[in-house]
Every structure is written in structure tokens, then in C-alpha cells.
Amino acid sequence: MDMEIVSKSLDGEVLNQDEIAQLFRIPLFSRESAMVLAAARDKSERASNGLAEVHAQIGLNVAPCPNNCMFCAFATKNKVFSEPFELPVEEVVNRARRFEKDGANAIFVMSTADYPFDRFIEMSQEIKKSLRAETVLVANVGDFDKEQARRLKGCGFAGIYHAVRLGEGRDTRIPVERRLETFRNAREVGLSLGTCVEPVGSEHTIEELVEKTIITREATPVFSGSARRIPIPGTEMARFGIVSEARMAHILAVVRLAMSDDVAGNCTHEPNVIGAAAGANLLWAEAGSNPRDTEKKTENQRGMTVQDCIRVLEEAEWKVLRGPSRFYHP
């Protein structure tokens, strides 16, 4: 029955809740799991014409954030960062130019959820005017209303990254409906959405993975995928440990099979070869702040470079796109 479900996905049919759950339940390293990974790779290659992308993210600031997402280094309760810190605009612009020069297909601008929106726009305008006109910009910010969505669009952003996270409303102080409203606000002004089933932890049930996979599909994203939670040392959630890259490869493959054929991208994070081999055709380089890092500048610790990501994709036999992202549509 499992392989009938895989064939159904490859034929372009929509998988239902029970079918997605069956795929998640397949044991790792079984023949069926290997077929799921191979099918996901096939579906990703067909959706993206065999091309993978590297996107690069610049985190503008760190600060104790009142949303208190338990898995995030910025959460006030996690006490990783006690004082706010913001990158100077010159450094942000230089980082963006470097990412562009290194071949990033899109550049993400990220801030903490409570970073002043006007300041985010100002910084983004400085970045935009320093880059080539065709370079794709993506915003990774907190929830926003429709007027703010219009301002993001007017500032030159092609799209956003946003997600209903695993544990949303339980492990965070953000209601699911607020996240979904941001999806709608972005869509109504023409901002493309990238999203992901994340951050996956060992405690998450098949039922929750299925729920978030369906939410992801119904958001009609330009890319989906799955990413694991990175434990922040000393925090309450660190006791759950970390999901293996092998397990994550199976999860991201199932998410790929659950998406429609017109979802071109399938991401995983942090970059790894087995995930890319299993159909992840989108990886991220990072600089500045990072919600999974205890360093103010993640390039000094967890963050990978564009060249690092390209190497991972090439090890997984992907051809990497040169030029502006084809996932987001400016």
C-alpha cells in the first residue's frame, strides 16, 4: 500500500491525511523508505528542472524576544542574549553584496519578531539599492498586517519566509491563526511564500507532522520542506536532543511527496548531504544573528557560506542554479 501512495504522488494526485501518515510511519532504512527518498528526489528534480538553489540569510539583530518560542535563542526565557545588538548598516550591506558575489540565488533579511518594522524597512532599502536589480530579496520577519505587507512589497521584496511551527501556540506565545493571517496578508499583496515543517524534534508525533504538512500545502508555497530543531544548550527543550539527519531525510521526503507538483523547492536546514540526496534542492548560507545559535554572528559558529552549501548540493549530485532564484517570482 505504501508504494501505491508513492506512485499516487508521482502521478500528481493529492495525498490525504492518512496516506501522509502512512509514509511518515515507514521504518528508516527499509526498502520502502529508500523508495520514498528516491521518489522525493525524482519529484524535486521534475519540479525544478533539475536545478538546486542556495539562498543566503542576514540576521539584523539579536534581542530578548517576548514571544518566548522555547526552541529559539532569542526567547527572553532562554537567557541566551540579555542585551540587544544590531549589525551596523554598512556591515549588513557588505554581507549582502558578498552573498550576491558568491552566487546566492536569493538574499533573506531576518530580524527578531519585535524588531521595529520601520527600521526593518530602512535597512532593507539600503540592502536593495546596493544590489543588482534582478537579485531576489525575501523577508523573514514577525507577523504583519496587510499594510505592512504592502510596504514589504513596495520595498522590493519578492516574498517572505514564514511558518506555522511545530508546537505553535504551545511552545510559543503566537496563535496559529496569527501565522495564517500573515500568510493571507502576504498572498493578497503578491508576496510569494516559502515555508517549512519545522523545527522538528524527537517529541513530535506523526499526527502533528501530518497537521503541519497539510497546513504547509494549503498555504500554496513556492517551496516547502522540513528542518530539525537545533538544541540551545541550557534550555528546557535541550533535553529532547536532536533528530538525526537520516530521520530528517525521510521526513523531508514525505513532505515533498505531500506537496503539489508546482511547488518547485524543497528545503532542509541545516545543510546536509543525505537531505539533499533525498530531494532537498534548497539550502541556506547564514550571517549575522541566528535563532539556532548562541553567537551574535553565526558565521563564526553555525552559519555556512554559499560555497559550503554549493559543495553539499554538488556532493548530492545537484546542479546549482546560476543567477536569480526561480522559486520566488519578483
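Thr-195 touches Tyr-161, His-162, Ala-163, Phe-183, Thr-216, Pro-221, Phe-223, Ser-224, Gly-225 and Cys-267, leaving out residues up to four places away in sequence. The model is predicted. Thr-195 sits in the loop between strand E7 (192-194) and E8. Strand E8 (residues 197-200) holds Glu-198.

**Thr-195**
- Thr-195 counts as buried because its relative accessibility is 1%, under the 20% cut-off.
- A polar atom of the Thr-195 side chain lies 2.7 Å from the backbone oxygen of His-162.
- His-162 is also among the residues that Thr-195 touches.

**Glu-198**
- Glu-198 is buried yet has no salt bridge.
- The nearest side chain of opposite charge belongs to Arg-165, 5.7 Å away.
- Beyond four places in sequence, Glu-198 is in contact with Tyr-161, Ala-163, Arg-165, Leu-166 and Ala-227.

**Nonpolar cores**
- In soluble globular proteins, nonpolar side chains tend to be buried together.
- The largest nonpolar core here has 48 residues. Those with the most contacts inside it are Phe-99, Phe-120, Leu-152, Phe-157, Leu-191, Val-306 and Leu-313.
- A second, separate core has 33 residues, including Val-6, Ile-26, Ile-214 and Leu-252.
- Leu-152, from the largest core, is in contact with Phe-117, Phe-120, Ile-121, Ala-139, Val-141, Phe-144, Phe-157 and Leu-191, leaving aside neighbours within four places in sequence.

Conventions
Residues numbered from 1 in each chain as written. Predicted model: local features only at pLDDT ≥ 70, side-chain atom pairs only at ≥ 80, totals over all residues. Heavy atoms only, no water. Helix = DSSP H or I, 4+ residues; strand = E, 2+ residues; numbered from the N terminus. Buried < 20%, exposed > 50% of the residue type's maximum accessible area, 1.4 Å probe, protein only. Lys, Arg positive; Asp, Glu negative; His and termini not counted. Salt bridge = Lys/Arg side-chain N within 4 Å of Asp/Glu carboxyl O. Contact = heavy atoms within 4.5 Å. Core = buried A, V, L, I, M, F, W, Y, C linked by side-chain atoms within 4.5 Å. Polar contact = N/O pair within 3.5 Å; in protein donor to acceptor, adjacent residues only side chain to side chain.
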